[in-house]
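Please look over the sequence and the structure shown here. Then follow the text through the fold, one element at a time.

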Amino acid sequence: MRRILAGAGLAAALALCGTGAWSYAQASGDDDLAYGRARDAALTDGRSAVAALTTLDASTSARAKAGVRAWKAVTTGPLRTELGRVAPATGASSRGVVTDAAVTSLDDRAGTAKLIATVRVDTTAKGAKTASPDRKRLEAVLSRSADGRWKVKALNAVPVTGVSG
């Protein structure tokens, strides 16, 4: 009787392991899984890029130049070209924090995506001690670069509509 129970237990364990291995093999080649990974990568890179594009420490000329370099590092296409014409100067500084974001569309084959984000931007005027907070809603058009990172191709403000007070 013991041998029968041990054999049945072993057969059940082998069946469970086989089912797990088969399920894992099916999932590792799944297109939905690859799409989900691409979406997550676009979201992560897009959030970081929007935060960088809404942040600038212009307390000194050197920091302002570094901020513009950071902008160019996360952009591509016409936006990067436009930012290349920016002459950094000292002045007001801002710090952007993405409070929420979502990928609204993704074409993994074409390497394009759209992201919407809400951003809290704290702006400190030159010489001021305290920052004034502001909230912004932005839409970023993303493009996947040759190294696989998602960069911002266009950034636009999303108007707030239908809000009643």
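Predicted model: local features only at pLDDT ≥ 70, side-chain atom pairs only at ≥ 80, totals over all residues.

Residues are numbered from 1 along each chain as its sequence is written, and side-chain values use heavy atoms, with hydrogens and water left out.

Start with the sheet. Four strands form an open sheet in the order β1-β2-β3-β4, with antiparallel pairing. Strands here are DSSP runs of E with at least two residues, helices are runs of H or I with at least four, and both are numbered from the N terminus. Two strands pair if DSSP finds at least two bridges between them. β1 and β4 stand at the edges with a single partner strand each, so one side of each lacks a neighbour in the sheet. On average, neighbouring strands are turned by 30 degrees against each other, direction ignored. The axes behind such angles are lines fitted to C-alpha atoms, for helices over the stretch in contact; angles run from 0 to 180 degrees between N-to-C directions.

Now take the pairs in turn. β1 and β2 run antiparallel and are joined by 13 bridges. Leu106 stands opposite Ala113 in β2. The two strands β1 and β2 form a hairpin with four residues between them. In that turn, Gly111 has a positive phi of about 75 degrees. Next, twelve bridges join β2 to β3, again antiparallel. Here Val121 has Asp134 in β3 as its bridge partner. Seven bridges link β3 to β4, which also run antiparallel. Val141 is paired with Ala154 in β4.

Which helix lies across these strands? α2 lies across β1, β2, β3 and β4, and runs at about 155 degrees to β1. α2 spans residues 31–53, 23 residues in total. From first C-alpha to last, α2 reaches 32 Å, close to the 33 Å expected at 1.5 Å a residue. That expected span is 1.5 Å times one less than the number of residues. The buried residues of α2 include Gly36, Ala42, Val50 and Leu53. Buried means under 20% relative accessible area, exposed means over 50%, and partly exposed lies in between (1.4 Å probe, protein chains only). The buried residues of α2 pack against the four strands β1, β2, β3 and β4, and also against α3 (61–73) and α4 (77–84).

Turn to α3. This helix has 13 residues and reaches 18 Å, close to the 18 Å expected. Its buried residues are Ala64, Gly67, Val68 and Trp71. Seen down the axis of α3, they fall within an arc of 95 degrees, so they line one face of the helix. The arc is taken from the directions between the helix axis and the C-beta atoms. An α-helix has 3.6 residues a turn, so residues three or four places apart point the same way. The face turned away from the buried side of α3 carries the exposed residues Ala62 and Arg69. Cover for the buried residues of α3 includes α2 and α4.

Finally, compare two residues. Ser143 is found in strand β3. Ser143 is buried, at a relative accessible area of 19%. Leaving aside neighbours within four places in sequence, Ser143 is in contact (heavy atoms within 4.5 Å) with residues including Thr76, Gly111 and Trp150. Ala6 is found in helix α1 (residues 2–28). Ala6 counts as partly exposed, at 48% relative accessibility. The C-alpha atoms of Ala6 and Asp45 are separated by 52 Å, and the two are 39 residues apart along the chain.
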